[in-house]
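Hi everyone, thanks for coming. Let's look at one structure together and talk through some of its contacts.

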Amino acid sequence: MSTKQLYAPIAADMQAVDAVIRQRLHSDVVLIRQVAEYIIHSGGKRMRPALVLFAAGAMGYQGTNHHQLAAVVEFIHTATLLHDDVVDESELRRGNKTANAMFGNAASVLVGDFLYTRAFQMMVGVDNMRVMQVLADATNIIAEGEVLQLLNCHNVDVEIDDYLRVIRYKTAKLFEAATRLGAILGGADEKTEASIAAFGMHLGTAFQLIDDVLDYSSDEAATGKHLGDDLAEGKPTLPLIHTMRHGTPEQAALVRKAIETGGRDDFQAILVAIHESGALEETRRYARAEARLATDALSVLPPSIFKEALLQLSDFAVGRDH
């Protein structure tokens, strides 16, 4: 199932969110407009803003603040991408040149700052202190996740729990915040809000786990990124951790060397080692477990087209090939 099919129940809302994004991207500074519009409109699944809309719909929300907050979440996500690509020295994302490759590192960092601060201007406009608390906490934790990932780079002794912590901070936290925001707008009680937020956290974890699988198994044309980017950057993701733990001594040594030094010199041999050790299937197993936890968390919601769409998103997250 495509994202267009998945998003059918919120198609009109997504158009409204796009209108908010276009309006709030405006700046009198030409370079800000150029960079922001380039990254916002260069593709992407828009899953995080969709989660705000689905969660609000599942709670029966009637209003327009979910459009504003969905745009806020997308701005925060886009700001993290701009900063990530500078830190990782990435040149390709979603099949396009990264903003830093197009406009330079300085412009990418500064426009990322613009998007962060514009997001906070917008969340103030919603005039809900709980909303502000959730987003302020989320952006802070995401920043911690970025630093944790930096500390893990080139570290061959990273444990699985350390790796999962980075995912939950860096990626899953914004998924969690998106679903929590929808629940808050819909007036969810404390238990329901916590359950919907847990759905987002587990979904985001599953989503990133599959991203890490695709870094060693997908079609570059489909993902729009180079295979082995994580390896080149010395990032010890679960497929690599598993191969070091369960591959042959020669395979483990090969992976350890690659993580410590970075680069793709031994990529083909490492790719063989990853497949032979069962690392990709083991990572998918972790992802499926997270998806099941996400699905279970939605048991608090009554039946609706929005709940059904969230359940389908859980299946999509682990079944996708790009």
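This is a predicted model: local features need pLDDT of at least 70, side-chain atom pairs count only at pLDDT 80 or more; totals for chains, interfaces and linings use all residues.

Another one of them pairs E193 with R130, where the closest N and O atoms are 2.5 Å apart. This pair spans distant parts of the chain: E193 sits in helix α10, R130 in helix α8, and 63 residues separate them. E193 is buried, at a relative accessible area of 10%, whereas R130 is partly exposed at 33%. Both belong to a network, in which salt bridges with shared partners join R130, K173, E176, R180 and E193.

Next, please find D84 and K170. Their side chains form a salt bridge, 3.2 Å from N to O. Here again distant parts of the chain are linked, with D84 in helix α5 and K170 in helix α9, 86 residues apart. D84 and K170 are both buried.

Let's finish with a helix pair. Helices α3 and α7 pack at an angle of about 85 degrees, their axes 10 Å apart, so the two are roughly perpendicular. On the α3 side, L31, I32, V35 and A36 make the contact, and on the α7 side A107, V111, F114 and L115 do. By class, that contact has 8 nonpolar residues, with no polar and no charged ones.

Methods. Residues are numbered from 1 along each chain as its sequence is written. Side-chain values use heavy atoms; hydrogens and water are left out. Axes are lines fitted to C-alpha atoms, for helices over the stretch in contact, and angles run from 0 to 180 degrees between N-to-C directions. Helices (H or I, at least four residues) and strands (E, at least two) are DSSP runs, numbered from the N terminus. Angles under 35 degrees count as roughly parallel, over 145 as roughly antiparallel, 65 to 115 as roughly perpendicular and the rest as oblique. Contact means heavy atoms within 4.5 Å. Ala, Val, Leu, Ile, Met, Phe, Trp, Tyr, Cys and Pro count as nonpolar, Asp, Glu, Lys and Arg as charged, and the others, Gly among them, as polar. A salt bridge is a side-chain nitrogen of Lys or Arg within 4 Å of a carboxyl oxygen of Asp or Glu. Buried means under 20% relative accessible area, exposed over 50%, partly exposed in between (1.4 Å probe, protein chains only).
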